[in-house]
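Visitor: I have a structure open and would like to go through it. Can you take my questions one by one?
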Amino acid sequence: MGNVKLPLKRGFGKTDRRDDWWKGPTAMAAYLGFMIIYATWRGFMESDFLFFSDFGASSCENWDTARSFKDVSECQTMAIEQGSHVLSPLYSPLIFPQSSWIPKELWWMSPAMFILVFPAGFRATCYYYRKAYYRAFFQQPTGCAVSKPWNEYSGERGILVVQNLHRIFMYIAVIYLPILSYDFWLSVNFHDATGDYFGVSVGSLVLLLNVILLSGYVFGCHAFRHVVGGGSNDWTGSSINRFKYSMWKFSTKLNERHKDWALLSLFWVMFADFYIWICQDFGLTDYVILGGI
Ligand code: FES
């Protein structure tokens, strides 16, 4: 028996469906589109060319000698310095482009440009995001039982085999979690000439929630779940296997809501950056809730 073609209306967006099938993909396209534009703008903001140079290294009088959060954050928009350091997750880990180990040809770059490729690659190759943006941006498919503008779908072949890099990006994403946790630690360590003090600001809590949401996203990753739970037929034979089993159960629990972790963690990364940007650039105070100087 040959292929049976289902009776489907022809023409982009044509369908017999009566529900508001277009709302989900449209909202997703708006959400992801906004996040991509915002992250790109902020990633370029501290670079040192064209109109970005207003924010970039040459706008900072002490940039040549700056080698610390404090020196840099006095003239940049990526960290709040109010006795502690609240660094934007878009710029973490902070890399100074004007460092001696970086070729001078790259000194125009923004610190974010050195690191954003990894979280961006992780999200772009995520199984959930692939589903979301294939539909929202590429109409593959437009919707279930909805006619799409192109006839064929040949799978993730050709250039799309890069999606197989997801596991590699996952390993790198795991490394980011202790780095971002360290940023939170820095944000609760206040210091002045008289000594070091513990304190919690709104910025600290923003960074803490960022680490929690990103952890939920990374540890619920399909590739992570496979790494901790795959390749074993025995969950109980040894303490290692029992540990792997509990990790797999934990990852599975998170994986059930992977979409939510993916979307929420993305929003919060951008919000954390936005909060730090407006505090630093628009002179707002990062309110200290507890302790501090
Ligand atoms: S599948 Fe979504 S982060 Fe790995």
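Visitor: How many of the residues of the chain count as buried?
Guide: Of its 293 residues, 44% count as buried; buried means under 20% relative accessible area, exposed over 50%, and partly exposed in between, with a 1.4 Å probe and protein chains only. This is a predicted model, where local features need pLDDT of at least 70 and side-chain atom pairs count only at pLDDT 80 or more, while totals for chains, interfaces and linings use all residues. Residues are numbered from 1 along each chain as its sequence is written, and side-chain values use heavy atoms, with hydrogens and water left out.

Visitor: What does the secondary structure come to?
Guide: The chain has 9 helices and 5 strands. Helices (H or I, at least four residues) and strands (E, at least two) are DSSP runs, numbered from the N terminus.

Visitor: Which strands pair with strand 4?
Guide: Strand 3 (residues 189–192) pairs with strand 4 (residues 195–201) in the antiparallel sense over 4 bridges. Strand 5 (residues 288–291) also pairs with strand 4 in the antiparallel sense, over 3 bridges. Two strands pair if DSSP finds at least two bridges between them.

Visitor: What joins strand 3 to strand 4?
Guide: A hairpin does, through 2 residues. Across these two strands, phenylalanine 190 has tyrosine 197 in strand 4 as its bridge partner.

Visitor: And which residue stands opposite serine 201 in strand 5?
Guide: Valine 288.

Visitor: Are they buried or exposed?
Guide: Tyrosine 129 and tyrosine 217 are both buried.

Visitor: Why is the pair of phenylalanine 219 and phenylalanine 224 called tilted?
Guide: The ring centres of phenylalanine 219 and phenylalanine 224 are 5.1 Å apart and the planes are at 55°, so the pair counts as tilted. Phenylalanine 219 is partly exposed, at 23% relative accessibility, whereas phenylalanine 224 is buried, with a relative accessible area of 9%.

Visitor: Which residues do ring pairs link into a cluster?
Guide: Tyr38, Phe274, Trp277 and Phe282 are linked into a cluster.

Visitor: Now the backbone. Which residues does the cis peptide bond at proline 93 join?
Guide: The bond runs from serine 92 to proline 93, with omega near 0°. Proline 93 is in the loop between strand 2 (85–87) and helix 3 (117–124). Another cis peptide bond joins glutamine 140 and proline 141, with omega about 0°. Proline 141 is found in the loop between helix 4 and helix 5 (166–187).

Visitor: What is phi of glutamine 139?
Guide: Phi of glutamine 139 is near 55°, a positive value in a residue other than glycine. Glutamine 139 lies in the loop between helix 4 and helix 5, and counts as buried at 16% relative accessibility. Alanine 145 has its place in the loop between helix 4 and helix 5, and its phi is near 60°, a positive value in a residue other than glycine.

Methods. Phe/Tyr/Trp six-rings, centres within 6.5 Å; stacked < 30°, edge-to-face > 60°.
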